Each structure stands twice: as C-alpha cells, then as structure tokens.
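This briefing goes through one protein model by topic. Please have the sequence and the structure open while reading.

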Amino acid sequence: MPNHPVPDSDHASKDAPRSPFAGCLILIVMALVILVLISSAGYFLKKQTNAYKTFTEEIANPAPIADPKAHETKFNSLVNRLRHFDHEINNNRAAQLSMSAQDLNLAIAHFEILKSYRGQFHFEKITTTDISGIIHLPFNSTAKLPGFVRSSLQIESRENNLNGTFVGTPLLTDGKLILNLSKIAPSKGELPKELLSGISRFLISGELEQKAEEDPENIPELLKTLRKLTSIEMRNESLTFLFSPNSKPPSVKEESDAMATKAKHLVALGAVIFILTMILFFILMSRRQKAKRDALQSS
C-alpha cells in the first residue's frame with residue numbers, strides 16, 4: 001500500500017517542544033498553597049499556646065478524690081440506696097434516688113466506670129438551679145511538640161493545667177447523663193468564651209455508651225437503668241433521679257421531631273389558609289366588578 005505523507009502541520013504539532021512554563025507554574029502554585037497551610041497552622045498553634053498561658057498553670061492541681069473508707073457509713077448507705085433504686089426500677093415500680101454532693105464524689109471514687117472523672121471533678125454544692133465544685137482539666141502540653149517547631153515558632157515548653165471552679169447543670173436525655181458547664185473560673189486569668197463553648201459539655205455516661213457500642217449484646221446494667229429514668233431534679237441540696245412507670249424517658253430527639261412535625265403542619269395549615277383567603281378575595285372582587293357592570297348597564 002502506498003505511504004500517505006503526513007501533512008507538515010501535523011509534523012510541526014508533534015515535534016514542537018512543550019513549554020516548561022506550565023509545569024513550573026503548577027509547582028509554584030502547589031508550593032505557595034503548602035506554604036500558606038504551614039504558615040496558617042503555625043499561626044493558630046502559636047495563638048493557641050499563647051492563649052493557654054493566660055489561664056493555665058504549669059503545676060497540676062487535681063480535684064480532691066473522696067475516700068470511701070473514710071466515710072464508710074455514708075458510702076454503705078449510698079450502695080444500699082443504689083441497690084434499692086435499681087431493684088424498684090427492675091420491678092417497674094416508681095422510685096427515686098437522691099444523691100448529695102458527697103454521694104457523687106464517693107461514686108466517682110468507687111465505681112470503675114467513673115474513674116476518668118477522678119481528679120477532674122469534685123462536687124461541693126447542689127442548689128435548685130445548678131451544681132458547683134472544683135475542676136481540673138489538663139490541656140495539651142507544648143513539651144510534646146517537636147523541638148524544631150517550638151524553636152521556629154518561639155513556643156515555650158510548658159504544661160498547661162486548668163485549675164479552678166465550675167458551675168453547671170445536669171441534663172438527662174435519650175438515656176444519656178450530661179453535665180453542661182455554664183461557668184469555669186480558672187485560678188489564674190479568665191477562660192475565653194470560645195473555648196468554654198467547646199469544652200462545656202461533658203457526657204458523664206460516655207464510657208457506658210462506648211461499651212454499649214463496642215458490645216451491643218452486653219449493655220452495661222447502669223446504662224440500662226439510665227435509659228429507664230424519666231427525669232432528674234435538683235432539690236434539698238441533692239441531685240434526684242426519678243423513675244415513673246407511667247412516664248416516658250426524656251428525649252431531645254423526640255421533642256425535636258415533634259416540633260418539626262408541628263412546624264410542617266403549621267406550614268401546611270398556613271398554605272391552606274392563604275389559598276382559601278385568595279379564593280375568597282377573587283370571589284369578592286369578581287362580585288364587585290359584576291356589581292359595577294350591572295350599575296353601569298342600568299344607568
């Protein structure tokens with residue numbers, strides 16, 4: 001078969017050398033993006049560590065941990081009341097359990113499931129509106145940062161411990177026990193509001209929830225009890241847990257779903273009312289126009 005000559009224009013397009021400018025431009029842009037990301041990370045890290053220094057201390061001051069042996073009578077009373085409360089719930093009978101601030105501290109000191117809160121919380125007072133006490137929160141230590149990062153950003157190697165007091169309110173919802181902190185007063189400086197909003201919610205039953213997720217077939221008994229509780233109250237300087245066989249456990253999800261359903265119904269009702277109003281409006285307008293025409297014809 002005869003060879004067909006390739007047009008000169010095709011030869012030129014294939015043999016023409018590619019400009020290295022496009023590749024260099026991509027590399028430059030990538031380098032600039034990486035530089036911006038590194039600079040931003042360094043800036044926020046430096047800003048965070050400087051902020052920590054204003055309200056944290058290098059020396060840790062854990063919250064006091066109660067000693068059940070030193071309060072044997074009260075601790076035994078607490079254990080018996082817990083057993084009775086659990087027994088009544090399992091038999092579907094109305095029950096309530098009141099725990100003082102000292103009871104809460106003894107529970108944290110004794111029960112393994114609450115060990116993560118030892119040295120972190122110590123409850124001192126319960127009123128009808130809130131719970132208050134001592135708090136200790138260890139933040140990230142800058143000593144764990146690589147040396148070249150600290151030297152380049154001029155970050156001091158130090159521990160960051162928030163030692164102070166707190167005020168909060170308990171919340172029971174969907175089988176979860178939550179402590180919402182409305183105020184944290186560090187022993188040094190002032191806690192930024194942005195940081196307070198980020199650390200103010202403590203899921204007290206968090207470890208129970210984690211165990212239930214890891215092994216759904218063996219849900220902890222304490223979590224089963226929490227999921228049956230119908231309300232909690234603060235009264236007589238105690239936190240009171242209540243169970244009523246005729247009441248449903250509180251649920252934020254159900255309440256939000258109910259509100260969403262109610263909002264949909266209101267929107268639908270509003271649409272129907274609007275349509276009916278417009279129909280009535282057009283009927284009245286048409287009658288008015290007809291009355292004007294009849295008046296003109298009669299005159």
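What is the relative accessibility of R235, and how does R235 count on that basis? At 27%, R235 falls in the partly exposed class. The model is a predicted one.

- Five strands form an open sheet in the order β2-β3-β4-β5-β6, and the pairing is antiparallel.
- β2 (121-126) and β6 are the edge strands, each of them pairing on one side only.
- From one strand to the next, the twist averages 35°.
- Strand β3 (residues 131-139) and strand β4 (residues 160-173) run antiparallel and are joined by nine bridges.
- L137 has L162 in β4 as its bridge partner.

**N161 in β4**

- N161 sits in strand β4.
- With a relative accessible area of 6%, N161 is buried, since the cut-off for buried is under 20%.
- The N161 side chain comes to 3.2 Å from the backbone oxygen of E58.
- Leaving aside residues up to four places away in sequence, N161 touches F55, T56, E57, E58, I59 and A60, and also H136, L137 and P138.
- One of these contacts, L137, is also the residue whose bridge partner in β4 is L162.

**Helix α7**

- The buried residues in helix α7 (residues 206-214) are G206, L208, E209 and A212.
- Viewed down the axis of α7, the buried residues lie within an arc of 160°, so they line one face of the helix.
- The cover over these buried residues includes β5 (176-186), β6 (201-203) and α8 (221-228).
- Of these covering elements, β6 is also an edge strand of the sheet.

**Salt bridges**

- The count of salt bridges comes to eight.
- E156 and K53 form one of them, with their closest N and O atoms 3.5 Å apart.
- This pair links distant parts of the chain, 103 residues apart: E156 is in the loop between α5 (147-153) and β4, while K53 is in helix α2 (residues 21-55).
- E156 is partly exposed at a relative accessible area of 38%, and K53 is partly exposed at 33%.
- In helix α8, the side chains of K224 and E221 meet in a salt bridge with an N to O distance of 3.3 Å.
- K224 and E221 are three residues apart in the helix, so about one helical turn separates them.
- K224 is partly exposed, with a relative accessible area of 36%.
- E221 has a relative accessible area of 51% and is exposed, because the exposed class begins over 50%.
- The side chains of E233 and R235 also meet in a salt bridge, at 2.5 Å from N to O.
- E233 is partly exposed with a relative accessible area of 32%, and R235 is partly exposed at 27%.

Notes: Residues numbered from 1 in each chain as written. Predicted model: local features only at pLDDT ≥ 70, side-chain atom pairs only at ≥ 80, totals over all residues. Heavy atoms only, no water. Buried < 20%, exposed > 50% of the residue type's maximum accessible area, 1.4 Å probe, protein only. Helix = DSSP H or I, 4+ residues; strand = E, 2+ residues; numbered from the N terminus. Arc of directions from axis to C-beta. Contact = heavy atoms within 4.5 Å. Pairing = 2+ DSSP bridges. Axes fitted to C-alpha atoms, helices over the stretch in contact; angles between N-to-C directions. Salt bridge = Lys/Arg side-chain N within 4 Å of Asp/Glu carboxyl O. Polar contact = N/O pair within 3.5 Å; in protein donor to acceptor, adjacent residues only side chain to side chain.
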